[in-house]
Amino acid sequence: MKSSISVCVIASLLSIAPVWAEQPIALALHGGAGTISPENLTPAKQQQIEAALDEALQAGYRLLNHGGSAVDAVEATILVLEDSPLFNAGKGAVYSWDESHQLDASLMSGQGRQAGAVAGVQRVKNPIKAARAVMDDSPHVLLSGSGADTFAERQGLELVSNSYFDTEQRLQSLQRAKQKIIEQTKSLHQANWDKLPLQYRSGTVGAVALDRNGNLAAGTSTGGMTAKRFGRIGDSPIIGAGTFADNRSCAVSATGHGEYFIRYNVAADICARVEYQQVSAAVSANQVINKVLVDAGADGGVVVVDPQGNVASPFNSKGMYRASIDGAGRKIIAIWEEPLVNEAIRR
Ligand code: ASP
């Protein structure tokens with residue numbers, strides 16, 4: 001009798017045990033590729049960056065660990081990176097040619113392919129929140145310019161003056177970029193931005209997550225590329241190019257030369273290969289970043305997570321700021337090829 005009661009108790013415990021007890025969670029983020037080289041990163045700066053990556057990782061992972069959604073975790077992770085002046089998004093956004101800032105962001109849920117994005121916003125303090133509001137509270141996917149700022153304001157999001165995004169470091173980058181363009185083209189009127197070496201102009205932040213319900217999400221936020229002009233929009237707010245998520249395949253956030261990422265539909269292509277060719281997300285991401293984009297002459301990288309919690313972060317630039325905790329609880333914070341921190345964590 002006793003044993004049958006305990007069997008019953010165990011059975012009922014099992015039946016009420018949350019489905020997610022077995023479901024892995026995972027989170028991966030990037031803080032941009034392209035601007036970095038070992039020579040221009042001091043140990044002190046490197047430490048600062050690693051600490052910020054870790055803070056962002058913990059912010060998102062904590063939510064996942066408490067049963068929060070992948071979308072919430074991605075947004076929380078990106079918020080930390082947007083508020084840091086160290087990354088090209090939110091507070092640390094690069095300058096456009098005219099010494100102002102225009103910011104882009106997007107967010108996608110792998111459950112039902114819901115998505116929202118903003119492009120060229122100038123007053124929204126946290127563009128990722130505006131992307132979330134477009135997804136949740138509008139019938140649209142992509143809002144741009146002053147209309148997107150107004151929409152964000154009506155949603156009750158915090159607006160700031162454009163000078164909030166000013167930083168000395170980014171101003172110097174703009175001046176260096178303009179100088180380089182002038183040296184190369186001899187005239188500002190013929191200024192050829194496309195000839196500017198990538199290390200003068202990029203960066204971006206993004207995150208991907210898998211939650212306890214098996215849902216994936218991806219998000220990306222950026223100031224774009226230094227010295228951009230004429231309302232240029234990159235890949236970051238373009239669903240399929242810089243951001244993509246589908247529960248049937250994977251979630252991807254990209255960083256790199258946006259024009260190529262748009263033309264090669266990078267984030268969606270990685271997930272399509274997983275779905276149609278039955279390759280792993282790691283293999284697919286590696287093919288696109290280290291073959292397709294290298295052949296095309298494009299720099300950049302991605303972070304990817306699949307429904308099993310496998311994480312990959314291939315890049316073809318010198319480095320990519322990145323951090324992750326995969327479905328097995330393995331944590332990585334890295335900039336160059338080799339992980340700088342690799343520890344198993346207990347959930
Ligand atoms: N992809 C971003 C853009 O083209 C820049 C970057 O990620 O470095 O705007």
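This is a predicted model: local features need pLDDT of at least 70, side-chain atom pairs count only at pLDDT 80 or more; totals for chains, interfaces and linings use all residues.
A search of the whole structure finds 1 disulfide. Cys250 and Cys271 form this bond, with their sulfur atoms 2.5 Å apart. The torsion about the S-S bond is about -120°, so the disulfide is left-handed. The bond links distant parts of the chain, with its two cysteines 21 residues apart. Cys250 lies in the loop between strand 7 (243-245) and strand 8 (251-256). Cys271 belongs to helix 8 (residues 266-277). Both cysteines, Cys250 and Cys271, are buried.

The binding-site residues come from a database record. An unreviewed UniProt entry places the feature "binding site" at Arg232, Ile233, Gly234, Asp235, Thr255, Gly256, His257 and Gly258. Of these residues, Arg232, Gly234, Asp235, Gly256 and Gly258 are included in the lining of the largest cavity.

Arg232 is found in the loop between strand 6 (216-222) and strand 7. Its relative accessibility is 13%, below the 20% cut-off, so Arg232 counts as buried. Gly258 lies in helix 7 (residues 258-263). Gly258 is also buried, because its relative accessible area is 0%. Neighbours within four places in sequence aside, Gly258 is in contact with Met225, Arg232 and Asp235.

Phe87 and Tyr321 form an edge-to-face pair, 6.0 Å centre to centre and with 80° between the planes. This pair links distant parts of the chain, and its residues are 234 residues apart. Phe87 is in the loop between helix 3 (70-83) and strand 2 (103-109). Tyr321 is in strand 11 (residues 320-325). Phe87 and Tyr321 are both buried.

The rings of Tyr164 and Phe165 also pair, with centres 5.0 Å apart. Their planes stand at 75°, over the 60-degree cut-off, so this pair is edge-to-face.

Trp97 takes part in contacts with charged side chains. The charged end of Lys178 sits over the ring of Trp97, 4.8 Å from the ring centre. The charged end of Arg229 also sits over the ring of Trp97, at 4.4 Å from its centre.

Key. Residues are numbered from 1 along each chain as its sequence is written. Side-chain values use heavy atoms; hydrogens and water are left out. A disulfide is a pair of cysteine sulfur atoms within 2.5 Å. Helices (H or I, at least four residues) and strands (E, at least two) are DSSP runs, numbered from the N terminus. Buried means under 20% relative accessible area, exposed over 50%, partly exposed in between (1.4 Å probe, protein chains only). UniProt positions are given in the numbering used here, feature names are shortened, and annotations may be inferred rather than shown by experiment. On a 1 Å grid over the protein atoms alone, a cavity is a set of points where a 1.4 Å probe fits but cannot get out, and a pocket is an open set with protein on both sides within 12 Å along at least five of seven lines; lining residues have an atom within 4 Å of a point. Contact means heavy atoms within 4.5 Å. Rings of Phe, Tyr and Trp (its six-membered ring) pair if their centres lie within 6.5 Å; planes under 30 degrees apart count as stacked, over 60 as edge-to-face and the rest as tilted. A charge sits over a ring if NZ of Lys or CZ of Arg is within 6 Å of the ring centre and within 35 degrees of the ring normal.
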